[in-house]
Amino acid sequence: MTIPAGTLPELTRRLHAALPQTQCTRCGFPDCASYAHAIAEGQAGINQCPPGGAEGVARLAAITGKPAEPLSPVHGTETPRQVAVVDEDWCIGCTLCIKACPTDAIIGSNKRMHSIVAAWCTGCELCIPACPVDCILLEPAETGAATGWAAWSQAQADTALLRYTARAQRLGQPAPAADAPITPSADATPRQSVVAAALAKARAARTSQGG
């Protein structure tokens, strides 16, 4: 269940503003707003956001007054930022990745080649397990080896949130009340294994084809 940012209580709003807005679900919740609300309600720790990294934990600690702690390994690790790219030789134009992208960063239509707009890609990886032919790969972002907020700006976070909100409005998604119960995404942790398996499968397929 998603929580619209405009209906968030003050504490949740401050926590939400401190998150990178990648909407990747690695925290175990459907989106950044839901994770922020869960923290405010004492249902989640402040160390469940790998994209935010150590600095992200520090930001949440400053807001909540809780001590900073290492990222939870269950939810992932802080790594250099990557962006998704479509292998045009393999894309079949199924549109499944378009439906999975939280920021509408993928353009294309049915049975037409898809492309990813790097400036809008948050590196969430949600498109990878959605692709039936494993034609989406990850490439290092222009930030190189930088991680966490060192590889992601507030301007990028603001853009990602705007695009995520616009997508929700386009899809006509319901707007639950800010005090609605928050439940973690059941597939948040297993998704990391799915992504890793998809990448391994894609690499193996390309190796067998001599690519």
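Tutor: Please keep in mind that this is a predicted model. In general, two packed helices are described by the angle between their axes and the distance between the axes. Here H1 and helix H3 (residues 53-64) pack at an angle of about 160°, and their axes are 9 Å apart. H1 and H3 are therefore roughly antiparallel to each other, and their crossing is right-handed.

Student: Which residues in H1 and H3 meet?

Tutor: From H1 come Leu-11, Arg-14 and Leu-15, which meet Leu-60, Ile-63 and Thr-64 in H3. The residues of this contact of H1 with H3 divide into four nonpolar, one polar and one charged.

Student: At what angle do H1 and H2 pack?

Tutor: Helix H1 (residues 10-17) and helix H2 (residues 32-40) pack at about 130°, with their axes 8 Å apart. That angle makes H1 oblique to H2, and the crossing of H1 and H2 is right-handed. In the contact, Leu-11, Thr-12, Leu-15 and His-16 of H1 meet Cys-32, Ala-33, Ala-36, His-37, Ile-39 and Ala-40 of H2; the residues of this contact of H1 with H2 divide into seven nonpolar, three polar and no charged.

Student: Which ring does the charged end of Arg-59 sit over?

Tutor: The charged end of Arg-59 sits over the ring of Trp-149, 3.9 Å from its centre. Arg-163, for its part, lies over the face of Trp-120, at 3.5 Å from the ring centre.

Student: How many aromatic pairs does a search of the whole structure find?

Tutor: The search of the whole structure finds one aromatic pair.

Notes. Residues are numbered from 1 along each chain as its sequence is written. This is a predicted model: local features need pLDDT of at least 70, side-chain atom pairs count only at pLDDT 80 or more; totals for chains, interfaces and linings use all residues. Side-chain values use heavy atoms; hydrogens and water are left out. Axes are lines fitted to C-alpha atoms, for helices over the stretch in contact, and angles run from 0 to 180 degrees between N-to-C directions. Helices (H or I, at least four residues) and strands (E, at least two) are DSSP runs, numbered from the N terminus. Angles under 35 degrees count as roughly parallel, over 145 as roughly antiparallel, 65 to 115 as roughly perpendicular and the rest as oblique. A crossing is left-handed if the near helix is turned anticlockwise from the far one by less than a right angle, and right-handed if clockwise. Contact means heavy atoms within 4.5 Å. Ala, Val, Leu, Ile, Met, Phe, Trp, Tyr, Cys and Pro count as nonpolar, Asp, Glu, Lys and Arg as charged, and the others, Gly among them, as polar. Rings of Phe, Tyr and Trp (its six-membered ring) pair if their centres lie within 6.5 Å; planes under 30 degrees apart count as stacked, over 60 as edge-to-face and the rest as tilted. A charge sits over a ring if NZ of Lys or CZ of Arg is within 6 Å of the ring centre and within 35 degrees of the ring normal.
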